[in-house]
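This report looks at one protein model, part by part. Keep the sequence and the structure in view while reading.

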Amino acid sequence: MMELEKEYLAETAERINQYSRVNAFRWSEEALLNVLDTKIRTPIGWSKQLWPKSNLSRLRFYELDSELKKAGLDSSFWFVSNQINQEEWLVDNPFITKQIIVTFEKNHGKIKAYLYGIENHEKILKKTDSLLEAVLLSQP
């Protein structure tokens with residue numbers, strides 16, 4: 001990867017983090033408590049004690065946390081909001097209304113791909129192996 005591209009990606013990730021912080025700060029306490037309810041969403045970058053107890057799920061949370069940090073994203077703003085099926089999880093950042101689907105290898109913690117939705121009269125899912133690309137291009 002070229003140095004300029006790395007710099008651009010790092011700046012982009014920092015802008016996403018900054019938008020998340022600013023928007024979270026603007027929310028009312030009640031709205032924050034509703035959105036951050038751990039019965040609805042499981043935080044990725046908070047305490048690992050909030051993660052599910054199964055070994056496979058914990059391995060996948062470690063993988064998500066690691067990939068978010070590797071992309072330069074603050075994992076404390078990201079949540080698993082739904083387990084679609086065994087190998088697909090819906091991950092979101094409610095502060096910037098971004099949602100992606102993360103697909104995992106069967107019976108493994110390794111991330112296979114990221115899916116993001118785009119609007120074109122109807123929602124279309126696109127596949128990528130880049131977390132940052134999925135976040136940037138996803139549309140609510």
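Which residues does Ser75 touch, not counting residues up to four places away in sequence? They are Ile44, Gly45, Asp65, Leu68 and Lys69, where contact means heavy atoms within 4.5 Å.

## Basis of the report

The model is predicted: local features need pLDDT of at least 70, side-chain atom pairs count only at pLDDT 80 or more, and totals for chains, interfaces and linings use all residues. Residues are numbered from 1 along each chain as its sequence is written, and side-chain values use heavy atoms, with hydrogens and water left out.

## Ser75 and its loop

Ser75 is found in the loop between α3 and β2. The helices (H or I, at least four residues) and strands (E, at least two) are DSSP runs, numbered from the N terminus. Ser75 counts as buried because its relative accessibility is 4%; buried means under 20% relative accessible area, exposed over 50%, and partly exposed in between, with a 1.4 Å probe and protein chains only.

The side chain of Ser75 also makes a polar contact with the side chain of Asp65, at 2.6 Å. A polar contact is a pair of N or O atoms within 3.5 Å; within protein, one must be able to donate a hydrogen and the other to accept it, and residues adjacent in sequence count only if both atoms are side-chain atoms.

## Helix α3

How many residues does α3 have, and what should they span? At 1.5 Å a residue, its 16 residues should span 22 Å, and the end C-alpha atoms are 22 Å apart, which agrees. The expected span of a helix is 1.5 Å times one less than its number of residues.

The buried residues of α3 are Ser57, Arg60, Phe61, Leu64, Asp65, Glu67 and Leu68. Seen down the helix axis, the buried residues of α3 fall within an arc of 165°, so they line one face; the arc is that of the directions from the helix axis to the C-beta atoms. An α-helix has 3.6 residues a turn, so residues three or four places apart point the same way. On the other side of α3, Asn55, Lys69 and Lys70 are exposed.

Lys70 counts as exposed because its relative accessibility is 63%. Its side chain makes a polar contact of 3.0 Å with the side chain of Glu67. Just after α3, Gly72 takes a positive phi of about 90°. Gly72 and Glu11 are 61 residues apart in sequence, but 8.9 Å apart in space, C-alpha to C-alpha. Glu11 is found in helix α1 and is partly exposed, with a relative accessible area of 41%.

## The nonpolar core

A nonpolar core is a set of buried Ala, Val, Leu, Ile, Met, Phe, Trp, Tyr and Cys residues joined through side-chain atoms within 4.5 Å. The largest one here has 31 residues, and Leu64, Leu73 and Ile100 have the most contacts inside it. The elements giving two or more residues to this core are α1 (3-26), α3 (55-70), β2 (79-85), β3 (88-93), β4 (98-104), β5 (111-120) and α4 (131-137).

Leaving aside neighbours within four places in sequence, Leu64 is in contact with Ile44, Val80, Trp89, Val91, Val102, Phe104 and Ile111.

β3 is mostly covered, with five of its six residues buried. Five bridges join β2 to β3, and the two run antiparallel; strands pair if DSSP finds at least two bridges between them. A hairpin joins β2 to β3 through two residues, and Val80 stands opposite Val91 in β3.

β3 also pairs with β4 in the antiparallel sense, over six bridges, with Val91 opposite Ile100 in β4. The hairpin of β3 and β4 has four residues between the strands, and Thr97 in the turn has a positive phi of about 45°.

The side chain of Asp92 makes a polar contact with the side chain of Arg41 at 2.7 Å.

## The loop between β4 and β5

Asn107 lies in the loop between β4 and β5. Asn107 has a positive phi of about 55° although it is not a glycine, and at 54% relative accessibility it counts as exposed.
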